[in-house]
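Please load the model in your viewer and keep the sequence panel open beside it. The tour below moves from one selection to the next and says what is to be found at each stop.

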Amino acid sequence: MTRTTVYVDGLNLYYGALRHTDYKWLDLAAFGRKLISASDQLVTVKYFTAQISSSASEDAKAPGRHRVLIRAIQATPGVEVFEGKFQVPLKWRSVAPRLSWQDRFRPSPNRMTAWMLDRSEARSERPLKVRVQVPEEKFTDVAMATHLVNDFHTKACDRAILVTNDGDLKIAVKLVVEAGHTVDVISPATSVNRELQREATSARPLRREILPSCQMQDRVALAKGYVERPKVWKKSTEAHP
């Protein structure tokens with residue numbers, strides 16, 4: 001029996017496969033079992049995520065919904081949760097050229113402001129720049145790579161399944177495969193990152209038809225109390241975590 005550990009890149013999975021669906025309330029234990037063969041033993045599912053910042057989303061309620069999801073996943077038997085961080089540093093960025101100011105700002109500037117910006121842009125020899133907040137997820141890919149290498153080093157599993165399409169993991173995948181281990185990549189996107197495809201034992205897109213059968217109950221019991229699936233996630237048009 002092959003002992004298999006499933007590593008899930010949470011935000012990569014969300015943006016690649018869950019964002020515009022009704023299936024955000026994912027039961028990761030059931031999900032992991034769907035990814036392995038019937039003869040394999042699922043050791044654990046390791047879920048790597050970062051609590052989104054209010055500065056990283058246009059929806060002020062998104063961080064709260066994400067926290068509810070994390071708490072529900074933490075209560076799921078057979079799933080381990082590892083949290084990184086979101087940082088929102090200020091950086092200078094060039095304003096997009098050849099677009100109206102209505103297409104470059106939110107909310108759109110009034111006519112006088114747009115006229116003044118047009119004059120400034122016309123007189124400037126360099127592109128106009130603005131200082132913006134740039135949300136950055138930190139530590140999750142490093143944590144995922146470290147767990148992958150360490151789990152094989154300690155013989156915690158015989159096979160790894162990585163649910164991600166993050167090419168930054170290519171070195172970790174390359175090292176463990178060259179050491180004789182099996183690493184299968186399942187991409188949440190409709191295609192697979194070429195770097196990962198090159199280094200992994202196998203690589204393929206996620207079969208999205210498994211998602212409807214991998215949902216938690218709407219109410220999930222915690223050690224104290226419970227959490228409930230956010231009602232807005234039942235709408236296919238929902239665009240934020």
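Which residue in β2 is the bridge partner of Tyr 7? Select Tyr 7 and follow its pairing across to β2, where the partner is Lys 46. Before going further, note that this is a predicted model, in which local features need pLDDT of at least 70 and side-chain atom pairs count only at pLDDT 80 or more, while totals for chains, interfaces and linings use all residues. Residues are numbered from 1 along each chain as its sequence is written, and side-chain values use heavy atoms, with hydrogens and water left out.

**The whole chain**

Colour the protein by pLDDT, the predictor's confidence in each residue on a scale from 0 to 100. The mean is 89, and 90% of the residues reach 70 or more. Residues 236-241 are a stretch to treat with caution, since pLDDT stays under 50 there, although the model still gives them 27 contacts beyond four places in sequence (a contact means heavy atoms within 4.5 Å). Where pLDDT is low, the predicted coordinates should not be read in detail.

In a cartoon view, look for seven helices and eleven strands; helices (H or I, at least four residues) and strands (E, at least two) are DSSP runs, numbered from the N terminus. The C-alpha trace spans about 70 × 45 × 30 Å along its principal axes. Of the 241 residues, 41% are buried, where buried means under 20% relative accessible area, exposed over 50% and partly exposed in between, with a 1.4 Å probe and protein chains only.

β2 is itself mostly covered, with seven of its ten residues buried.

Centre the view on Phe 31, which, not counting residues up to four places away in sequence, touches Val 8, Leu 13, Leu 26, Val 163, Leu 206, Ile 210, Leu 211 and Cys 214.

**Strand β3**

Move to Val 79 in β3, which counts as buried because its relative accessibility is 10%. Leaving aside neighbours within four places in sequence, Val 79 is in contact with Leu 28, Ala 29, Thr 44, Val 45, Tyr 47 and Ile 73. Further along β3 (residues 79-87) is Gly 84, buried at 14% relative accessibility. A C-alpha to C-alpha distance from Gly 84 to Ala 143 gives 8.0 Å, for a separation of 59 residues in sequence.

Finally, select α5 (residues 140-153), whose 14 residues reach 20 Å from the first C-alpha to the last, close to the 20 Å expected at 1.5 Å a residue; the expected span is 1.5 Å times one less than the number of residues. The buried residues of α5 are Thr 140, Met 144, Ala 145, Leu 148, Asp 151 and Phe 152. They lie on the same side of α5, because they cover an arc of only 140° around the axis, the arc being that of the directions from the helix axis to the C-beta atoms. On the other side, Val 142 and His 153 are exposed.

End at Lys 155, in the loop between α5 and β7. Lys 155 has a positive phi of about 60° although it is not a glycine, and its relative accessible area of 62% makes it exposed. Most residues other than glycine have a negative phi.

Conventions
Pairing = 2+ DSSP bridges.
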